[in-house]
Amino acid sequence: MPDFAIYPSLKGRSVFVSGGGSGIGAAIVKHFAAQGARVAFADIDEGASLALVQKIAAAGHAKPLFKLCDLREIGAYQTALAEVAAAHGPITVLVNNAAHDDRHKLEDVTPAYWDERIAVNLRHAYFAIQAVAPGMKRTGGGSIVNFSSVSYHVMTPNLSVYQAAKAATIGMTRGLARDLGPDGIRLNAITPGWIMTQRQIDLWLTPESEKALMQAQCLKEKLYPPDIARMALWLASDDSRLVTAQNFVVDGGRM
Ligand SMILES: NC(=O)c1ccc[n+]([C@@H]2O[C@H](COP(=O)([O-])OP(=O)(O)OC[C@H]3O[C@@H](n4cnc5c(N)ncnc54)[C@H](O)[C@@H]3O)[C@@H](O)[C@H]2O)c1
């Protein structure tokens, strides 16, 4: 088993992860907890989130603070972020991880569906940044990690609204990196390849899709949530202190 890094700069840091209850977000929450950070997360899935909190406590780490919240409700979400800052100190690491990759066909998309998908896959990230930026400014800076996706590069079928949101995430990251850089706030994006969360395995992994993936990737191994969580750790830590406005592709060499 390889050994992975411990980042002294993450110890005690106030970290917030959206959609941290399951999938990649849960791995990110676990990895920050294992670094000794003060971790909080929001999710709509109460059962999975409470189970994660117990699992992390049982592993001997500080209990993460869980906020039950639908990120489509911006007012409630910003209130939850303020409560986290009051409990843990100003959030200086924000990981905008939450999303949902519902399939859809062009002819079936209504304006209401479009708005709802953009709310799940893009809008909450912008308003979370708006909520945490003043605290980051006051404390001398921070690191914001946004999530894009390989899917718009490889043109996965029936995902166009999600892909529009994930492409926009890169523009948002670069624009706000310019605006917030003078305050010491860094923004970067992670573009995951196909990551084997339980949901992805249950919905899409077949012998055929696995064979195609292995042909497409330079590295012939499936990626799992910890492979993405370790990139988030590095981007949050002081080890990446002068890195901003960038997009980091973690896909085994597929794009
Ligand atoms: N898994 C992959 O292969 C893959 C590939 C490319 C990009 N990504 C990106 O990585 C990130 C994490 O992906 P994942 O596969 O773990 O996603 P997921 O769908 O498995 O999990 C996302 C989490 O967000 C939560 N969530 C969804 N809607 C919410 C809402 N309205 N309010 C609050 N919480 C909500 C879910 O409950 C879940 O815990 C996403 O941004 C995704 O777009 C994933």
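Visitor: In what order do the seven strands form the open sheet?
Guide: First the general idea: strands of a sheet pair through backbone hydrogen bonds, either parallel or antiparallel. Keep in mind that this is a predicted model. Here the order is β3-β2-β1-β4-β5-β6-β7, with parallel pairing.

Visitor: Which are the edge strands?
Guide: Look for strands that pair on one side only: these are β3 (65-68) and β7 (247-250). As you go from one strand to the next, the twist averages 15°.

Visitor: How many bridges join β1 to β4?
Guide: Three bridges link β1 (residues 14-18) with β4 (residues 93-96), and the two strands run parallel. To find your place, valine 15 stands opposite valine 93 in β4.

Visitor: Which strands does helix α3 lie across?
Guide: Helix α3 (residues 74-88) lies across β1, β2 (38-43), β3 and β4, and runs at about 160° to β3.

Visitor: At roughly what angle do the axes of α1 and α9 cross?
Guide: The axes of α1 (residues 23-34) and α9 (residues 225-236) cross at roughly 50° and come within 8 Å. Angles of 65 to 115 degrees would count as roughly perpendicular and those under 35 as roughly parallel, so α1 is oblique to α9. The crossing is right-handed.

Visitor: Which residues make that contact?
Guide: From α1, they include Ile24, Ala27, Ile28 and Phe32; from α9, among them are Pro225, Ile228, Arg230 and Leu233. The residues of this contact divide into eleven nonpolar, two polar and one charged.

Key:
Residues are numbered from 1 along each chain as its sequence is written. This is a predicted model: local features need pLDDT of at least 70, side-chain atom pairs count only at pLDDT 80 or more; totals for chains, interfaces and linings use all residues. Side-chain values use heavy atoms; hydrogens and water are left out. Axes are lines fitted to C-alpha atoms, for helices over the stretch in contact, and angles run from 0 to 180 degrees between N-to-C directions. Helices (H or I, at least four residues) and strands (E, at least two) are DSSP runs, numbered from the N terminus. Angles under 35 degrees count as roughly parallel, over 145 as roughly antiparallel, 65 to 115 as roughly perpendicular and the rest as oblique. A crossing is left-handed if the near helix is turned anticlockwise from the far one by less than a right angle, and right-handed if clockwise. Contact means heavy atoms within 4.5 Å. Ala, Val, Leu, Ile, Met, Phe, Trp, Tyr, Cys and Pro count as nonpolar, Asp, Glu, Lys and Arg as charged, and the others, Gly among them, as polar. Two strands pair if DSSP finds at least two bridges between them.
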